[in-house]
Amino acid sequence: MKAVLLDTQDHHHRYRVTEIDEPVPGPGQVAVKVAYAGIQWGDIMARDGLFPLPRPFVPGFEASGHITAVGEGVDPGRIGTPVTALTTAGACAEVALAPAALALDTGGLPLRTAAGLGWGAPTAYDLINTTARVRPGESVLIHAAAGSVGTLAAQFARLAGAGRIVGVAGSPARAGYAARFGYDRIVLREEFPAGLDGERFDVILDPVGGAARRAALEQLAAHGRLVVFGSLATFEPVPADPGDLLMNGRSLLTYNSNLLAGTHPERLADSARRALALVADGRVRVDITAEYGLEDLATAVQRLAEGTTHGKSVLRVV
């Protein structure tokens with residue numbers, strides 16, 4: 001089968017399309033004939049060596065397509081089912097393996113849209129509904145507002161009854177794009193936090209880290225929750241004193257979808273199914289802004305890294 005391999009050559013990252021053996025599902029796994037693969041921040045981290053993956057390996061953490069084979073312990077009746085699958089690697093290939101628990105039936109949803117859900121949809125759903133538990137009337141601040149998680153989180157926040165949703169975006173172009181997803185206001189990162197005029201928030205979603213994270217602790221209202229789910233900018237530590245937080249009832253929470261997939265895959269799958277149902281009903285929009293071929297993966301990942309991509313990018317495999 002055709003697959004993209006990520007290799008290291010002379011300290012440079014190199015993607016190449018090549019022929020490799022088709023993988024066979026092990027216990028609890030399914031094989032998916034891939035129609036589309038989703039592209040996400042994990043692809044940048046894998047490329048840059050921030051995940052300890054042995055090379056060469058087949059990248060790609062999100063796939064949509066049809067189940068073609070099942071491993072031991074998986075219902076053979078699932079063969080032929082259209083699914084969107086969360087993988088630990090391997091989605092940028094004609095056939096990918098996924099845990100059966102994280103291969104979700106897509107029903108009538110187009111496979112291209114289904115690939116756009118990826119890890120971002122359950123992550124955004126959980127950030128709003130299970131981690132921050134946004135209540136009706138609360139105010140929400142979302143960093144990386146134009147990204148695939150940000151644009152979905154804004155929509156889930158609105159469905160949860162949020163009274164005010166503010167986004168932070170890295171450029172005027174990204175701010176303009178984010179404005180189409182129901183934010184009440186978008187501020188540019190360079191105007192942050194001064195541009196907020198001291199406004200306080202009940203919930204802040206932060207995948208950025210660094211200065212934004214330090215500022216966020218000050219911007220929480222009484223009983224506010226800061227939810228950390230990544231460190232795009234920097235891994236530098238941000239001091240938080242539980243005693244100080246307690247005085248104002250403020251909380252610092254984290255969300256790690258990758259860890260959840262290993263510890264409680266059924267919880268992640270449940271949130272992914274809820275997100276998928278809202279997309280299928282037309283209540284939440286997954287916006288695929290770019291489509292690439294297998295041979296263009298390097299370009300797709302670089303554009304995401306540079307911030308020239310907003311919304312969701314997918315790779316067309318068949």
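Does Arg-133 count as buried or exposed, and at what relative accessibility? In this predicted model, Arg-133 counts as exposed because its relative accessibility is 55%. The residue sits in the loop between α3 (120–131) and β8, and its phi is near 50°, a positive value in a residue other than glycine. Most residues other than glycine have a negative phi, and most peptide bonds are trans. A further positive phi, near 55°, is found at Ala-144. Ala-144 belongs to the loop between β8 and α4 (148–159), and its relative accessibility of 22% makes it partly exposed.

Strand β8 leads on to the parallel sheet. This open sheet has 6 strands, in the order β10-β9-β8-β11-β12-β13, with parallel pairing. Its edges are formed by β10 (185–188) and β13 (251–254), each of which pairs on one side only. From one strand to the next, the twist averages 20°. Within the sheet, β8 (residues 139–143) and β9 (residues 164–169) are paired in the parallel sense over 5 bridges, and His-143 has Val-168 in β9 as its bridge partner.

Helix α6 (residues 210–219) lies across β8, β11 (201–206) and β12 (220–228), and runs at about 155° to β12. Ala-212 is part of this helix and counts as buried because its relative accessibility is 12%. Leaving aside residues up to four places away in sequence, Ala-212 touches His-143 and Phe-192. Ala-212 and His-143 are 69 residues apart in sequence, yet their C-alpha atoms are 8.5 Å apart in space.

Antiparallel pairing is found around strand β3 (residues 29–39). Strands of a sheet pair through backbone hydrogen bonds, either parallel or antiparallel. With β4 (residues 62–70), β3 pairs over 7 bridges in the antiparallel sense, and Tyr-36 stands opposite Ser-64 in β4. With β6 (residues 95–99), β3 has an antiparallel pairing over 5 bridges, where Val-30 stands opposite Ala-98. Another 4 bridges join β3 to β15 (residues 312–316), again antiparallel, and here Gly-38 stands opposite Val-314. Of the 11 residues of β3, 9 are buried, so this strand is largely enclosed by the rest of the structure.

How values were computed. Residues numbered from 1 in each chain as written. Predicted model: local features only at pLDDT ≥ 70, side-chain atom pairs only at ≥ 80, totals over all residues. Heavy atoms only, no water. Pairing = 2+ DSSP bridges. Helix = DSSP H or I, 4+ residues; strand = E, 2+ residues; numbered from the N terminus. Axes fitted to C-alpha atoms, helices over the stretch in contact; angles between N-to-C directions. Contact = heavy atoms within 4.5 Å. Buried < 20%, exposed > 50% of the residue type's maximum accessible area, 1.4 Å probe, protein only.
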